[in-house]
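Hi everyone, thanks for coming. Let me put the structure up on the screen, and then we can walk through a few parts of it together.

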Amino acid sequence: METPQEDALQEQIAVAGMYENWFLEYASYVILERAVPTIEDGLKPVQRRILHALNEMDDGRFNKVANVIGQTMQYHPHGDASISEAIVNLGQKDLVFDLQGNWGDIRTGDSAAAARYIEVRLSKFANDVVFNPDTTQWQMSYDGRKREPVTLPVKFPLLLAQGVEGIAVGLATKILPHNFVELIEASIDILKGKEVEIYPDFLTGGYADVTNYNDGLRGGRIRCRARIEEFDKKTLIIKDIPFGTTTTSLIESIIKANDAGKIKIKKVIDNTAKDVEIQVQLTPGTSPDVTIDALYAFTDCEISVSPNACVIIADKPHFIGVSEILKTCTQQTVRLLQRELEIRRDELLERLLFSSLEKIFIENRIYRQIEECETFELVISTVDTALDPYKPQFYREIVQDDILRLLEIRIKRISKYDGFKADELMKRLEDELAETEDNLANIIRYSIDYFKDLLKKYGKGRERKTEIRNFNTISATVVAAANQKLYVNREDGFIGYNLKKDEYVMDCSDIDDVIIFRRDGICKVVKIGDKVFVGKDIIYVSVFKKNDDRKVYDTVYFDGKSGVSYVKRFKVTAVTRDRDYDLTQGNPKSKILHFTANDNGEAETIQINLTANCSARVKQFDFNFAGLLIKGRDSMGNVLTKFPIRKVVFKSAGASTLGGVDIYYDETIGRLNRDEHGRYLGNFEAKDHILVVYNDGTYELTNFELTNRYEPKDILILVKFIPQGIISGVYFDGGSKTYFVKRFRVETTTIDKKFLFISDEKGSKLSVVSIDNYPRIEVVSKDEKGTHKEEINVDEIAEIRGWKAQGTKITIPKVQTIKLLAPKVVEEPADEVNESEANVVEIDLSKPKLIAPEEIHFDATSAVLEQGEQLGLF
């Protein structure tokens, strides 16, 4: 007999087992029946039941959503709230439903009206691709009263077109929506044996960078951006919003960033109606290009979306890529089409068989042979015997049901039977059967035609809304608005933006890093804050710009161990925050005697004053940093003098020793860079500009700031501006309906302003434009005699005039097209040089000469030693 303790132990084990089983059952139920779609039809159970209920109710008219909810509850046991939400979600995707009433707006976040006020019916597309009772597998509903589909026979990648998101127990799924047209085209390519790549497309439009999409698998990421356009220098317009945001949430994020000081705006106005339009008004003096970058960096104008494609395959969740999902859906479509053809073939064979039986039965008057039969069994036997001579021509055996159908033919039909019409019907059935057999034999061709037909019927208006492009990486510290002021207490060694009684340094943002240099030779980069201690005796402080290879620091320092003074030039491009870097040799009592920070690599001249009691013959001399090579911050530097220095005096500023900046243009993102990405524009000095010619017939001069934004699709030419360069263009004048060709030089000097160089008449448009000196064009015209082509040297028919000039009229009638040809090759005459002057170079020794970096061919250490020896310093 078991003790009470043993009974309690057995009960405890049983409860633990039940808990484990119940939890697994619950998790499986949520995964399979609530959150994750099935790959066969791409639907969650509630979505499938809604579509089935609507199909049961369908009579071509709209139904109240409240009625649809009630009908769906016969199949779905989870209440009306989840059904209502799922119906609205499906309706807003604008694919399987026709809608009537206020269904809300995914762009603004407005919710739909109550279910009793809105109506819905199945769309023509849904009726065409989702339903077919003959190919549907059925099961009983949860209460056993109704039958419902296990999955719907969807002949389209509906899962990828609509997208889905769901959270289950222990896993989640997020499949992004893709473009309707691209999915069909990709399915056709799959059937042709080609590899495909598909990318998301969102109803909200905007831009998307799919570089790291990873085929929709876990670990992938898509960057989505709003479409922001510059209306004028004081106003930005947001036209599209990123996926997953609304105009309300976007505006709130902009206001929050402005309140935090990250961006500077005056006002945000929501003008959204049929189309999204959010107007962002800028404060005076704010750069539109920098503000656009700041909106992407600090607001919901740019968000990241992480896909996680998970679907149910054979009652188990699987993580597979969207390409594999598309292949599976395409193969399933082929199987369903094949099954439909097989069913249709069987129907045609049966109709042909019965039509043949009917013709034999009536034309051979078999019905008269049964007049003397006394029993029904004898009637059947008589008909069966009469059909014996014809049975070999049928595709299957004649059974009793076939004879019964013959006996059910009315006398009225027999009397009006028309053999000619019967033959025509059978001919049509045979033709259709032959076509069906051919489609079955060439099922891939038939499937391709099916997809093409879908594209033709439903593809209009479903073009891609989200533009795919590569995004540049925006540095938040570069585009952040200067919302704080940097102060320094040099003596006590504090920096920050709350030291308002101390020395003002510059404007900054609250996310900037600050670089400081101390008298003892320590360099340090710290995060800005209210009040940060960095060490006493600060000689220089500024906002630190990482990877700034134009800023050069010039310094003279005294080495406390040897007593020698050194001179060095160096850059600080990357550091570890809060770490001390010693610019001297690290010996005690070393100190900085002279220090300058030069934003563009300028090299100054300084005057060195030695102590009066030193043994040097010359106690005062000048030193020019231009002769010194730029090295690393840890370099020792070059010896300036071994004698003690009384003071160092700044004598004169110098020019940059770095030369110009190499600028590149990346056409994929429409941005300038110095990282050798894209097309090389040239080496730019401070006075240089960029020439941009747009396809609307305007040109613009811009600076070469890396924050500039260019829209590649609007640009015909983007090059380094050459003042003597010639722009040649051919345009159509909307007023006179004729073409003009003109050549001009840019005479305007205003930066960041567009100038229209073609006619301002309505309908005017730029045809071709070139910056070659001798461009050629081909003019194609057409008259009653045919098509004519004529090549024209532009420089021979048009003179160089002002940019406002109308130009020279092209007299060729009925011009069809104009295209640009390769420029004419002309050998430019070489400049004549007098032999007596050919190798003469005049040098004025009384004036300092700036030496370009490429002209320096000596070691800076030797130069300093030589200069010191001449002055008697060594």
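**A walk through the model**

Let's begin at a helix end: Ser 287 caps the N-terminal end of α9, with a side-chain oxygen 3.4 Å from the backbone nitrogen of Asp 289. Before going further, a word on where this comes from: it is a predicted model, where local features need pLDDT of at least 70 and side-chain atom pairs count only at pLDDT 80 or more, while totals for chains, interfaces and linings use all residues. Residues are numbered from 1 along each chain as its sequence is written, and side-chain values use heavy atoms, with hydrogens and water left out.

When I say helix or strand, I mean DSSP runs numbered from the N terminus: H or I of at least four residues for helices, E of at least two for strands. Helix α9 spans residues 288–298, and nine of its eleven residues are buried. Buried here is under 20% relative accessible area, exposed is over 50%, and partly exposed is in between, using a 1.4 Å probe and protein chains only. Among the buried residues of α9 are Pro 288, Asp 289, Ile 292, Leu 295, Tyr 296 and Phe 298.

Now to a helix pair. At what angle do α10 and α15 pack? Helix α10 (residues 322–363) and helix α15 (residues 443–458) pack at about 105 degrees, and their axes are 10 Å apart. That makes α10 roughly perpendicular to α15, a label that covers 65 to 115 degrees; under 35 is roughly parallel, over 145 roughly antiparallel, and the rest oblique. The axes are lines fitted to C-alpha atoms, for helices over the stretch in contact, and the angles run from 0 to 180 degrees between N-to-C directions. On the α10 side, the residues at the meeting point include Thr 330, Val 334, Leu 337 and Leu 341; on the α15 side, they include Ile 443, Tyr 446, Tyr 450 and Phe 451. Contact, by the way, means heavy atoms within 4.5 Å.

Next, charges. How many salt bridges does the structure hold? There are 50 salt bridges, each being a side-chain nitrogen of Lys or Arg within 4 Å of a carboxyl oxygen of Asp or Glu. Take Glu 182 and Arg 464, whose closest N and O atoms are 2.7 Å apart. Glu 182 lies in helix α7 (residues 180–191) and Arg 464 in the loop between α15 and β17 (467–468), so this pair ties together parts that are 282 residues apart in sequence. Glu 182 counts as partly exposed at 26% relative accessibility, and Arg 464 counts as partly exposed at 25%.

Glu 342 is partly exposed at 22% relative accessible area, and Arg 339 is partly exposed at 39%.

Then we have Arg 469 and Glu 711, a salt bridge with its closest N and O atoms 2.4 Å apart. This pair links distant parts of the chain, 242 residues apart: Arg 469 sits in the loop between β17 and α16 (476–479), and Glu 711 in the loop between β38 (698–702) and β39 (715–720). Salt bridges that share partners also join Arg 227, Asp 240, Glu 467, Arg 469 and Glu 711 into one network. Within that pair, Arg 469 is buried, at 14% relative accessible area, whereas Glu 711 is partly exposed at 24%.

Arg 743 is buried yet has no salt bridge, and the nearest side chain of opposite charge, Asp 795, is 5.4 Å away. For charge, Lys and Arg count as positive and Asp and Glu as negative, with His and the chain ends not counted. What lies 2.7 Å from a polar atom of the Arg 743 side chain? That is the backbone oxygen of Asn 773.Last stop: Gln 620, in strand β30 (residues 620–624). The side chain of Gln 620 makes a polar contact of 2.7 Å with the side chain of Asn 609. A polar contact is a pair of N or O atoms within 3.5 Å; within protein, one must be able to donate a hydrogen and the other to accept it, and residues adjacent in sequence count only if both atoms are side-chain atoms.
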